[in-house]
Amino acid sequence: MAAWNLYRHRNTDGSSKDWAVTTHADGSISTRWGKTASRLPSINTRTGIRQHDIEQQKQAKGYVFVGEVEIDDDGNIRLPQSRPMLTQTPPITVDKLYWHVDCRAGHATLLDMGIALRLWLGDLEAWSQAQGLATSNWSGWQRLVDASLGDEAFDLSGQIHLEHGVLPWLWLMALKRAAFPGVSVDIATESGRDVSANLKAETEVLALFDTDVEAIRPLAESLGLLKPRLDLALAMSDQTDHWF
């Protein structure tokens with residue numbers, strides 16, 4: 001049986017779908033796809049494209065690499081016999097994130113989302129300047145803002161690399177946490193783990209960008225990702241003494 005690279009995309013409803021690709025001896029490329037199961041029934045074979053290129057296209061759409069598998073002519077999936085079974089999953093180093101925004105919202109929600117995106121962008125820019133950080137060259141800024149200014153549904157996806165910095169992720173986290181009706185925001189690590197909207201729980205992603213919650217707390221509070229910390233000294237000083 002041929003060796004295939006298997007990828008998986010996790011849907012917002014908790015389900016998932018798989019996609020696999022292999023290169024034949026004649027240079028042609030075969031792909032298989034279907035709902036996550038022990039068999040991928042659908043198949044397509046074509047020429048004129050490299051496996052590396054088509055894998056990158058899928059990764060940009062939010063698919064994450066699962067591993068190398070064997071697939072027979074009927075689409076049945078098996079682990080390679082030469083591969084030892086692991087009793088413990090090795091740690092996977094995160095070096096990029098995959099994101100996907102699916103918007104099926106109405107015009108009013110699009111307006112509200114566009115206003116929020118630009119407001120958060122202003123907070124990010126102010127914080128970046130205060131920290132003396134270089135401007136991020138992440139392409140998602142303009143793509144999302146432009147899409148939010150339109151009147152039509154949109155479906156965007158891409159990646160956030162280490163060199164893009166932590167700000168694009170925080171921007172998408174704010175959008176995810178806002179939970180606008182009809183707007184689905186998915187963020188995943190290379191291992192396929194879904195990133196939650198709980199900033200404190202995402203220590204792995206914070207470590208990717210060499211930061212932690214306390215270092216970005218003021219920005220996270222302005223984005224609505226953390227509740228403002230109560231200053232007890234200030235609160236006590238504001239209390240009126242009613243003893244008499």
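Tryptophan 169 counts as buried because its relative accessibility is 0%, where buried means under 20% relative accessible area, exposed over 50% and partly exposed in between, with a 1.4 Å probe and protein chains only. This is a predicted model, in which local features need pLDDT of at least 70 and side-chain atom pairs count only at pLDDT 80 or more, while totals for chains, interfaces and linings use all residues. Residues are numbered from 1 along each chain as its sequence is written, and side-chain values use heavy atoms, leaving out hydrogens and water.

**Helix H4**

- Tryptophan 169 lies in helix H4 (residues 167–178); helices here are DSSP runs of H or I with at least four residues, strands are runs of E with at least two, and both are numbered from the N terminus.
- H4 has 12 residues and reaches 17 Å from its first C-alpha to its last, close to the 16 Å expected at 1.5 Å a residue, the expected span being 1.5 Å times one less than the number of residues.
- Because 9 of its 12 residues are buried, H4 is largely enclosed by the rest of the structure.
- Among the buried residues of H4 are Leu167, Trp171 and Leu175.
- Just after H4, alanine 179 has a positive phi of about 55°.

**Aromatic pairs**

- The whole structure contains 7 aromatic pairs; rings of Phe, Tyr and Trp (its six-membered ring) pair if their centres lie within 6.5 Å, and planes under 30 degrees apart count as stacked, over 60 as edge-to-face and the rest as tilted.
- Tyrosine 7 and tryptophan 19 form a tilted pair, because their ring centres are 5.8 Å apart and their planes stand at 55°.
- Tyrosine 7 is in strand E1 (residues 2–10) and tryptophan 19 in strand E2 (residues 16–23), so this pair ties together parts that are 12 residues apart in sequence.
- Tyrosine 7 and tryptophan 19 are both buried.
- Tryptophan 169 and phenylalanine 209 make a stacked pair, with 6.4 Å centre to centre and 20° between the planes.
- Phenylalanine 209 sits in the loop between helix H5 (203–208) and helix H6 (217–222), so its pairing with tryptophan 169 ties together parts that are 40 residues apart in sequence.
- Phenylalanine 209 counts as buried because its relative accessibility is 12%.
- One aromatic cluster is formed by Trp99, Trp138, Trp141 and Trp171.

**Cavity and pocket**

- There is 1 cavity of 30 Å³ or more; on a 1 Å grid over the protein atoms alone, a cavity is a set of points where a 1.4 Å probe fits but cannot get out, a pocket is an open set with protein on both sides within 12 Å along at least five of seven lines, and lining residues have an atom within 4 Å of a point.
- The largest cavity has a volume of about 120 Å³, a volume being the space filled by probe spheres set on grid points that are joined across faces, edges and corners.
- Its lining has 13 residues, with His9, Arg10, Gly62, Asp186 and Ala188 nearest the centre of the cavity.
- The second largest pocket has a volume of about 430 Å³.
- Of the 21 residues lining the second largest pocket, Ser128, Leu133, Ala134, Ser136 and Leu167 lie nearest its centre.
- Helix H2 (residues 107–131) gives the largest share of that pocket's lining, 6 residues.

**An exposed loop residue**

- Aspartate 73 is in the loop between strand E5 (64–71) and strand E6 (77–78).
- Aspartate 73 counts as exposed because its relative accessibility is 75%.
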